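Welcome, and please open your viewer. We will take this tour one selection at a time.

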Amino acid sequence: MNPIDKEQSVALIGAGAIGLSLASACAQQGRQVIVCGGHQPIYHMTITEGDETRSWSVIHTDNPQDIMGIKTVILAVKAHQTSSAAQWIQAAADSTTTILVAQNGIEQRQRVAPYAGDSAIVPAVVYLNVERTRPGHAIMRRAGDHDLSVPNNPAGELIADGLIGGGMRVRTEEDFSRTAWLKLLVNLTANPLTALTGRRAEVICEPRINALAYLIMAEAQQVAQAEGVNLTPSDVDAELDWLMHVPVGSTSSMRQDRLAGRPLEYDALTGAVVRAAEKHHIEVPINRMILALLAAIRPGEQLQ
Ligand SMILES: NC(=O)c1ccc[n+]([C@@H]2O[C@H](COP(=O)([O-])OP(=O)(O)OC[C@H]3O[C@@H](n4cnc5c(N)ncnc54)[C@H](OP(=O)(O)O)[C@@H]3O)[C@@H](O)[C@H]2O)c1
């Protein structure tokens with residue numbers, strides 16, 4: 001392997017749907033992408049958006065030492081896979097490293113901090129809709145007017161600058177916690193309800209499921225307020241209304257994971273709300289029940 005330029009290169013831990021999309025914006029600006037581990041090595045990443053397909057070569061490594069001293073890391077494993085990637089985060093982490101954590105939920109910092117030493121951790125809210133079709137290949141769809149939100153601080157600005165030049169629409173947020181909780185309201189509802197029922201997004205419009213969706217969000221809104229986050233009942237109404245208007249036939253990543261027999265990313269969503277509720281002694285019976293049901297699912301086990 002040629003020597004890696006640690007200043008310019010980007011380490012990608014988690015070369016899945018979101019990791020490939022974000023890393024491609026770095027590659028688009030001529031930065032070398034180092035893909036770390038994974039079950040299958042990849043040497044190219046290919047992104048299809050609309051009728052355009054682009055490819056970039058990447059370096060693959062199975063040796064964490066190769067990323068020691070690298071300045072930019074994109075961590076995009078699913079939240080429950082974070083501890084399995086600890087050796088990579090630890091190898092890269094020092095006081096000059098910035099780690100973009102592109103994962104759903106509200107606990108990105110706490111999840112990564114045990115492995116990140118003095119690195120700057122940049123949590124992100126991702127609005128892209130991406131499907132990995134095979135190793136190294138992804139189909140990327142954009143919705144709304146931006147693709148990623150990060151906190152408005154020096155590390156967030158650095159990450160934003162590094163992605164915007166490659167075509168990502170990144171917003172730096174003054175009130176990042178509110179942004180993360182708003183996205184959580186939707187994920188907390190759409191993911192479990194579609195995964196548990198096996199139905200697509202239109203199930204949210206059925207009256208009994210719709211009432212349940214409202215209760216899930218309303219409980220979370222109270223917890224957010226206790227956490228000091230500026231979330232109001234009108235945010236619940238707005239997010240539920242948004243969810244009821246997603247295109248018929250839309251699915252969710254948790255439903256897809258359940259159908260494919262993969263572990264579900266429920267702890268970062270429902271688990272996070274229940275944990276925060278416990279901290280503030282708030283009762284969240286609906287989310288607690290949803291958590292119990294999701295935790296009882298055995299990945300890959302068929303109904304018989
Ligand atoms: N996909 C979307 O549209 C979307 C939208 C918004 C937010 N998000 C969030 O973004 C995050 C990433 O989701 P995703 O859809 O990109 O997931 P994904 O496609 O499953 O990608 C995760 C990747 O991480 C790799 N990985 C797992 N453990 C690893 C380890 N220990 N070392 C190295 N690589 C490892 C997996 O590799 P193997 O396949 O080899 O195991 C896989 O390529 C999640 O929190 C998700 O909720 C996703």
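Begin with helices H5 and H6, whose crossing is right-handed (the near helix is turned clockwise from the far one by less than a right angle). Helices (H or I, at least four residues) and strands (E, at least two) are DSSP runs, numbered from the N terminus. Select residues 176-197 for H5 and 207-226 for H6: their axes come within 10 Å and cross at roughly 145°. Axes here are lines fitted to C-alpha atoms, for helices over the stretch in contact, and angles run from 0 to 180 degrees between N-to-C directions.

A note before moving on: this is a predicted model, where local features need pLDDT of at least 70 and side-chain atom pairs count only at pLDDT 80 or more, while totals for chains, interfaces and linings use all residues. Residue numbers start from 1 along each chain as its sequence is written.

Now show the side chains between the two helices. Among those in H5 are Trp-181 and Leu-193, and the H6 side includes Ile-209 and Ala-224; contact means C-beta atoms, placed from the backbone, within 7 Å.

Next, colour the open sheet of 8 strands, ordered E5-E2-E1-E6-E7-E8-E11-E12 with mixed pairing. E5 (59-61) and E12 (170-173) each have a single partner strand, so one side of each is left without a neighbour in the sheet. Pairing requires at least two DSSP bridges between strands.

Zoom in on E2 (residues 33-36), which pairs with E5 in the parallel sense over 3 bridges. Ile-34 has Ile-59 in E5 as its bridge partner.

Finally, select H3 (residues 108-116), lying across E6 (72-75), E7 (98-102) and E8 (120-126), at about 150° to E8.
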